[in-house]
Amino acid sequence: MSQVSGGAGELAILVEGLTKSFGDVHALRGIDLSVPRGTVLGVLGPNGAGKTTAVRILTTLLLPDGGRAVVEGHDVVREAAAVRRSIGLAGQSAAIQEELTGRENLEIIGRLYHLSWPRARSRAVELLEQFGLSDAADRAAKTYSGGMQRRLDLAASLVGQPQVLFLDEPTTGLDPRSRLGMWDIIRSLVAGGTTILLTTQYLDEADELADEIVVIDHGQVIAAGTSEELKSRVGGDVVEFTVPDRSRITGAVAAIAEIGDGEPHADPETGVVSIGVGSRGSEALVDAVRSLDAAGIEIRDLSLRRPSLDDVFLALTGHAAEEEELGGRRRGRRGSRAGRAGREEDARATS
Amino acid sequence: MTTITASAGVHGAGDPSLRTRFGWAVTDTLTITRRNLLVWMRVPAYLMFTVIQPVMFVLLFRFVFGGAIPVHVPGGYVNFLLPGIIAQTAAFATFGTAIALAQELKKGVIDRFRSMPMARSAVLAGRLVADTGRMLVTILIIVGVGYAVGFRFMNGVIPAIGMVLLATVFGLAICCISAYTGLAIGDEESVQAFGLIWLFPLTFLSSAFVPIPTMPGWLQAFAYHNPVTYVVNAMRALALGSSLVDPLGPNLWKSLVWIAGIFVVFLPLAVRAYRRAS
């Protein structure tokens with residue numbers, strides 16, 4: 001088998017000019033990615049941005065229309081079988097047969113990776129142990145919690161000891177505690193040397209786990225870099241506060257208009273007002289308090305923070321990360337923004 | 001948590017030989033077969049559908065409708081009925097094939113398998129093998145229940161085995177059609193509804209339950225040329241003896257031609273639908 005030229009010794013994944021259309025829908029309009037071995041690439045974007053299409057091409061499930069993709073030195077089109085021997089794919093519990101026990105599920109996957117029966121059995125035991133599922137090993141997977149099913153699914157993707165792991169929205173729909181557990185597992189995989197490509201719509205997830213982040217929107221890479229690099233593109237610190245009395249938002253915006261670098265951003269639904277203040281952090285904070293006090297506007301939750309990937313997404317695309325989502329899945333603002341998300345939902349419910 | 005090691009690589013570089021790949025195709029198919037049979041045994045509803053329902057049909061036709069259906073067959077209606085109900089059950093068993101494949105497609109199971117270095121044919125092949133095995137179990141149960149309510153093979157052991165085999169091969173052919181519909185439609189409820197639309201007329205508008213001459217003329221035309229009729233007639237001849245019912249020869253070769261035709265058309269269609277499935 002020939003090594004693809006330009007497959008690059010240190011790169012686990014190389015994608016160049018990848019395109020894919022479904023009829024009139026241009027899912028990918030020419031994306032480039034490169035993932036060095038042993039690192040985590042976070043692919044960030046709203047639903048329908050093209051993340052899943054990219055993963056499906058890289059895992060040999062879908063043929064690209066144009067461009068090329070190389071995984072562990074193997075072309076995903078011409079050397080699909082070799083690619084499949086190097087990768088693992090996990091995501092939303094699809095590999096799990098709910099009627100079977102955790103142990104049976106992993107043993108069967110082991111057999112499908114052509115392990116001998118004794119080896120398939122011992123590999124199942126190892127993985128159940130590593131993923132904290134030993135106690136539940138002989139229970140049907142349908143009795144597992146969502147977090148346990150997701151862990152079992154991830155364990156299944158590791159049966160073949162892949163060098164490159166694709167995680168397609170691994171924590172979508174998980175409760176916060178299971179999510180943190182999943183993050184720990186992913187970190188330990190990286191520590192063990194696995195290369196990971198992780199798609200997510202959660203900005204904090206990419207921020208936490210990824211060495212490099214690419215932001216995809218409408219089938220194109222609109223930004224790439226480390227979390228810090230992306231944040232610095234938004235420009236410095238952000239002063240943010242909440243105006244409990246929504247009628248005073250306009251006044252608040254006017255009061256602080258002079259303290260920052262650009263226009264303040266106000267969300268009329270949540271009452272959250274923010275403004276980029278460059279490197280004048282604490283000084284701007286004091287200015288903001290003075291101006292708002294002088295204008296007689298009551299505020300809450302005043303903070304000075306580094307820009308989040310939320311800000312990055314807003315700055316890059318002009319819309320928030322979850323705007324294109326369907327109702328009922330607005331989970332992206334969990335974590336540091338949980339309170340805000342809650343209030344947002346409340347505001348919707350009462351309006 | 002301790003470090004989880006994943007990057008060792010169980011597989012050497014290089015593509016395996018053709019012979020190794022064929023061996024894998026067989027073991028992968030058996031692994032998937034085992035998985036499907038385990039699931040079948042774990043879900044009471046599936047067992048119910050494949051065992052209880054056919055038995056109820058036997059009892060219903062034997063004791064409720066049977067008395068009103070005049071047949072000129074040695075041993076009476078129960079001997080006429082059994083081959084027909086076995087053929088129908090074999091066809092109906094493929095509902096499960098279509099539904100399971102549609103579910104696996106929708107849930108992403110098939111995608112996951114296709115991202116693994118297993119034989120690509122194994123998901124479909126394992127499904128067909130498991131469902132055929134399941135079908136065979138059901139057929140044997142019906143024969144057992146049939147014996148309890150008066151059915152008797154009257155033509156010797158070898159033809160009796162031939163009857164069971166013919167029913168199974170016919171069921172496997174219908175399985176290919178169902179596999180294709182399941183993969184092509186890809187939605188559990190639609191697949192189920194669609195199955196009713198073609199499987200009910202196909203099996204009931206045949207010689208399975210009533211003598212065709214009792215049907216109105218326009219329906220006879222369909223029933224006489226229905227492949228299920230050929231299969232059921234051949235099964236009856238195998239079970240009871242050619243001299244007492246419709247002759248074996250013409251019905252058997254027509255059955256086999258139909259079954260071969262179904263394989264030739266629908267197996268490639270199912271394979272293509274599986275490859276395209278996404």
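**View 1. Contacts across chain A as a whole.** Among contacts in chain A between residues at least 6 apart in sequence, 69% link residues that are at least 24 apart. The model shown here, and in the views that follow, is predicted. Chain A holds 12 helices and 14 strands, and buried residues account for 50% of its 351 residues.

**View 2. The open, mixed sheet of chain A.** Six strands of chain A, in the order 6-7-8-3-9-10, form an open sheet whose pairing is mixed. Its edges are strand 6 (87-90) and strand 10 (220-225) of chain A, each of which pairs on one side only. From one strand to the next, the twist averages 15°.

View 3. Strand 9 (residues 212-217) of chain A pairs with strand 10 of chain A in the antiparallel sense, over five bridges, and I216(A) has V221(A), in strand 10 of chain A, as its bridge partner. Helix 5 (residues 146-158) of chain A packs on the sheet, where this helix touches strand 6 and strand 7 (164-168) of chain A, and its direction makes about 165° with that of strand 6 of chain A.

**View 4. Helix 5 against helix 6 of chain A.** The axes of helix 5 and helix 6 (residues 176-191) of chain A come within 9 Å and cross at roughly 20°, so the two helices are roughly parallel. The crossing is right-handed. Residues of helix 5 of chain A, including G146(A), R150(A) and L154(A), meet residues of helix 6 of chain A, among them S178(A), M182(A) and I185(A). By class, this contact has three nonpolar, four polar and two charged residues.

Definitions and conventions: Residues are numbered from 1 along each chain as its sequence is written. Chains are lettered from A and ligands numbered from 1 in the order in which they are written. This is a predicted model: local features need pLDDT of at least 70, side-chain atom pairs count only at pLDDT 80 or more; totals for chains, interfaces and linings use all residues. Helices (H or I, at least four residues) and strands (E, at least two) are DSSP runs, numbered from the N terminus. A residue is buried if 20 or more other C-beta atoms lie within 10 Å of its own, exposed if 12 or fewer, and partly exposed in between; C-beta atoms are placed from the backbone. Two residues are in contact if their C-beta atoms, placed from the backbone, lie within 7 Å. Two strands pair if DSSP finds at least two bridges between them. Axes are lines fitted to C-alpha atoms, for helices over the stretch in contact, and angles run from 0 to 180 degrees between N-to-C directions. Angles under 35 degrees count as roughly parallel, over 145 as roughly antiparallel, 65 to 115 as roughly perpendicular and the rest as oblique. A crossing is left-handed if the near helix is turned anticlockwise from the far one by less than a right angle, and right-handed if clockwise. Ala, Val, Leu, Ile, Met, Phe, Trp, Tyr, Cys and Pro count as nonpolar, Asp, Glu, Lys and Arg as charged, and the others, Gly among them, as polar.
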